[in-house]
There are 2 protein chains.
Amino acid sequence: MVDIATRVYNHKWKIDPIVRSLIDTDFYKLLMCQSVFRNKPQTDVVFSLINRSNHIPLAELIDEGELREHLDHIRTLSLSRGESTWLRGNMFYGKRQMFRSDFMEWFENMRLPPYHLERKGDQYELTFEGKWHEVMLWEIPALAVLMELRSRAVLNDMRRFELQVLYARAMTRVWEKIEQLRGIDGLGIADFGTRRRHSFLWQDWCVQAMMEGLGSAFTGTSNCMIAMRREVEAIGTNAHELPMVYSALADTDAELAQAPYDVLSDWHDEHDGNLRIILPDTYGTQGFLDNAPDWLAGWTGIRIDSGDPATGAETAIKWWQSRGEDPNQKRVIFSDGLDVDKIRELHSQFAGRTNVSFGWGTLLTNDFRGLVPNDALAPFSLVCKAVSANGRPTVKLSDNPEKAMGPTSEIDRYKRVFHVGAQEPIEVIV
Amino acid sequence: MVDIATRVYNHKWKIDPIVRSLIDTDFYKLLMCQSVFRNKPQTDVVFSLINRSNHIPLAELIDEGELREHLDHIRTLSLSRGESTWLRGNMFYGKRQMFRSDFMEWFENMRLPPYHLERKGDQYELTFEGKWHEVMLWEIPALAVLMELRSRAVLNDMRRFELQVLYARAMTRVWEKIEQLRGIDGLGIADFGTRRRHSFLWQDWCVQAMMEGLGSAFTGTSNCMIAMRREVEAIGTNAHELPMVYSALADTDAELAQAPYDVLSDWHDEHDGNLRIILPDTYGTQGFLDNAPDWLAGWTGIRIDSGDPATGAETAIKWWQSRGEDPNQKRVIFSDGLDVDKIRELHSQFAGRTNVSFGWGTLLTNDFRGLVPNDALAPFSLVCKAVSANGRPTVKLSDNPEKAMGPTSEIDRYKRVFHVGAQEPIEVIV
């Protein structure tokens with residue numbers, strides 16, 4: 001029996017919205033948002049889309065009108081009652097009331113600020129200007145919209161069974177990965193794939209497959225909406241935008257050198273336990289750790305997000321030992337460019353020496369490599385970053401010069417201030 | 001929105017019937033049924049299920065009560081108005097009114113006769129007794145029910161995503177086969193997979209995938225219900241049961257030697273064109289052709305269903321040449337144990353020398369090999385055959401001694417009458 005009312009209702013849609021909720025975003029965005037809301041509420045920042053894979057002509061693949069419709073739709077979204085209840089009442093990282101009342105009251109009334117969109121050749125210039133705690137919430141939905149519109153552009157030309165077999169192949173691939181991961185004793189792995197997912201439905205499928213296939217080895221998802229809907233842990237701590245903006249706000253080189261620690265000092269006041277995770281690579285991991293205050297060595301763990309991951313983890317372990325800390329009481333979270341072989345390799349190298357966990361991103365939720373002609377669904381490297389704060393440019397160095405961002409003169413200044421020497425370039429796949 | 005009425009209606013089902021229509025059967029069954037209805041209406045036959053793969057303990061896998069429910073359900077089926085209209089009005093093999101009024105009137109009122117089911121160890125004895133044109137219609141539904149109940153027994157223990165990935169893998173496999181077939185210039189291939197299909201829905205999926213993936217190279221399906229529903233050609237001509245029963249009815253060795261030609265003489269009166277296809281292997285291809293009357297050499301083609309297929313086709317080509325016929329005007333249909341490599345090989349060997357086509361069965365509609373532990377979904381060799389006619393045992397020799405059937409003394413007598421010498425055994429996979 002055809003449900004005629006549903007069929008007619010479906011016909012009335014003008015678009016099939018990609019982002020349908022303000023919590024279809026990464027959990028750490030909300031943690032950082034609350035922190036910014038509290039500590040830096042008057043900061044004006046600019047976020048900008050950056051397509052590091054400029055061989056992907058986004059403006060040719062994606063219709064500007066359609067892109068605007070999706071972005072406009074996101075500006076209509078507000079927190080639903082159930083979402084608000086979940087954020088207020090759910091236990092995150094073992095803690096209730098993670099989000100304070102003043103933040104929740106603001107968030108419940110928040111709408112995303114305007115965007116600026118302009119076609120430049122075969123790319124789009126997409127920027128967001130405003131108070132930091134508002135525009136920062138554009139990052140994940142903007143990336144999700146662009147990634148999924150690109151997927152749709154490719155899928156648009158495919159026939160029914162081609163589509164079904166495409167997803168059959170992709171499902172088979174994800175499941176084979178899960179079957180390989182199942183063999184790793186003591187594995188802990190979370191989905192970090194929101195920002196560069198193939199599509200929302202696909203990410204949701206991947207999470208459910210991980211739940212069934214890995215059981216308790218699957219520790220949760222960074223995506224709040226999926227965490228709420230699938231009743232799993234929401235996972236995430238903090239990101240580069242915090243030290244980048246704090247650093248841009250520094251008036252002197254001395255203040256700049258101190259900025260990355262100031263960020264974590266604010267974080268220290270707000271969070272404990274598994275939320276005290278250092279992201280050390282914004283301006284070079286080695287220098288950051290060498291100059292870190294001792295209270296940071298007391299933190300729970302470290303997230304390795306650029307450079308050679310094994311080197312990063314060895315550096316962290318040595319650093320803890322040099323500060324009289326036991327690495328076996330610490331946690332190393334790997335989150336950069338992971339796939340099954342790398343996960344298995346890192347797990348076997350570090351399990352037993354420290355607590356290891358993995359934030360698996362693009363190659364979980366967007367591994368469509370080789371599945372269509374011209375590899376037109378291969379993931380690509382799209383980011384949306386804070387590029388300036390109170391009118392000053394931001395800089396990111398990371399442990400891989402291929403991931404560096406900012407004006408050249410500022411990059412040079414930051415390298416000098418943070419004592420960053422020669423770095424080994426590593427190809428950025430995703 | 002949940003359609004509550006549909007949900008409640010679905011809950012009321014006692015079983016999920018495997019066979020839901022009398023035309024969920026092979027087209028050649030209906031052609032043969034009409035022929036028997038006309039020429040041998042007073043013949044009493046016994047059909048019997050034979051599990052040639054007796055390592056599959058059907059009676060342990062399949063609950064007897066459930067099996068009875070499905071068989072009982074089939075006995076309630078009658079031709080629907082739309083099915084009757086399709087059989088009466090559709091064009092088959094270029095001809096309208098393929099089924100005559102007297103046959104259709106009988107068929108419209110026909111219900112399948114009782115069955116006899118008894119557990120014998122880990123196997124079932126399942127037999128059907130009655131008038132030939134009635135019990136012959138049990139063959140395909142009985143096989144379909146047993147095959148699908150065995151599939152369900154295995155699937156029953158699987159979780160949701162395991163199931164989804166199982167079908168994803170099976171779909172991927174079928175599609176990869178289709179992609180390989182797409183490269184064969186001038187291919188003509190039909191689905192012959194009803195009798196040993198994984199399930200009805202799966203066969204229906206495979207047919208639709210062939211339609212989209214192969215276009216006009218897909219010539220149709222043997223399954224009448226799917227042919228009607230998907231608006232493709234219904235394909236099939238005649239099978240071993242005709243010469244087997246005609247031969248069993250022979251009173252003398254001389255009549256026996258003539259019986260296989262008598263069958264085709266009746267067929268010759270009823271059909272022309274692409275329905276004049278010889279199935280020569282019932283009692284050995286070489287002897288059958290050597291002794292065949294000249295009017296048979298004028299038939300359109302030959303179907304190779306046992307023995308080495310290339311040898312069978314070469315035998316046919318030589319025979320046509322020896323009778324002054326041009327093989328390029330003839331058709332060779334391969335239908336035994338086909339898969340992509342064999343299809344490709346046979347096509348490249350015979351295309352250009354004769355018209356080639358393929359009836360692809362079990363490895364199209366039931367290739368789940370290697371997809372579950374212990375290969376518990378691998379296809380197996382189940383048949384349902386006429387084992388006696390008017391109280392006399394039937395015999396089949398075929399070109400492969402592994403496929404021979406009947407009492408040993410009768411097999412010896414048939415071998416003598418039909419001058420069958422040494423035969424090379426070939427493993428029967430499906």
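## A buried histidine

His240(A) counts as buried because its relative accessibility is 4% (buried is under 20% relative accessible area, exposed over 50%, partly exposed in between, with a 1.4 Å probe and protein chains only). This is a predicted model, in which local features need pLDDT of at least 70, side-chain atom pairs count only at pLDDT 80 or more, and totals for chains, interfaces and linings use all residues. Residues are numbered from 1 along each chain as its sequence is written, chains are lettered from A and ligands numbered from 1 in the order in which they are written, and side-chain values use heavy atoms, with hydrogens and water left out.

His240(A) sits in the loop between α11 (224-230) and α12 (241-249) of chain A; helices (H or I, at least four residues) and strands (E, at least two) are DSSP runs, numbered from the N terminus. Leaving out residues up to four places away in sequence, His240(A) touches Leu279(A), Asp281(A), Thr282(A), Asp305(A), Lys385(A) and Lys396(A), where contact means heavy atoms within 4.5 Å. An unreviewed UniProt entry annotates His240(A) as "modified residue: Phosphohistidine"; such annotations may be inferred rather than shown by experiment.

In an unreviewed entry, UniProt gives residues 23-146 of chain A as "domain: Nicotinate phosphoribosyltransferase N-terminal". That span is 48% helix and 19% strand, and its end C-alpha atoms lie 18 Å apart.

The feature "domain: Nicotinate/nicotinamide phosphoribosyltransferase" is placed by UniProt (unreviewed entry) at residues 189-421 of chain A. Here the end C-alpha atoms are 33 Å apart, with 42% helix and 14% strand in the span.

## A helix pair

How do α12(A) and α13(A) pack? The angle between α12(A) and helix α13 (residues 253-270) of chain A is about 130°, and their axes are 8 Å apart. Axes are lines fitted to C-alpha atoms, for helices over the stretch in contact, and angles run from 0 to 180 degrees between N-to-C directions. The two helices α12(A) and α13(A) are therefore oblique to each other (under 35 degrees is roughly parallel, over 145 roughly antiparallel, 65 to 115 roughly perpendicular and the rest oblique).

Leu242(A), Pro243(A), Tyr246(A) and Ser247(A) are the residues of α12(A) that meet α13(A). Their partners in α13(A) include Leu256(A), Val263(A) and Trp267(A).

## Positive phi angles

Most residues other than glycine have a negative phi. Asn390(A), in the loop between β10 (382-389) and β11 (392-393) of chain A, has a positive phi near 45°. Asn390(A) counts as partly exposed, because its relative accessibility is 44%.

Gln97(B) also is not a glycine and has a positive phi of about 50°. Gln97(B) lies in the loop between α5 (81-89) and α6 (101-109) of chain B and, at 56% relative accessibility, counts as exposed.
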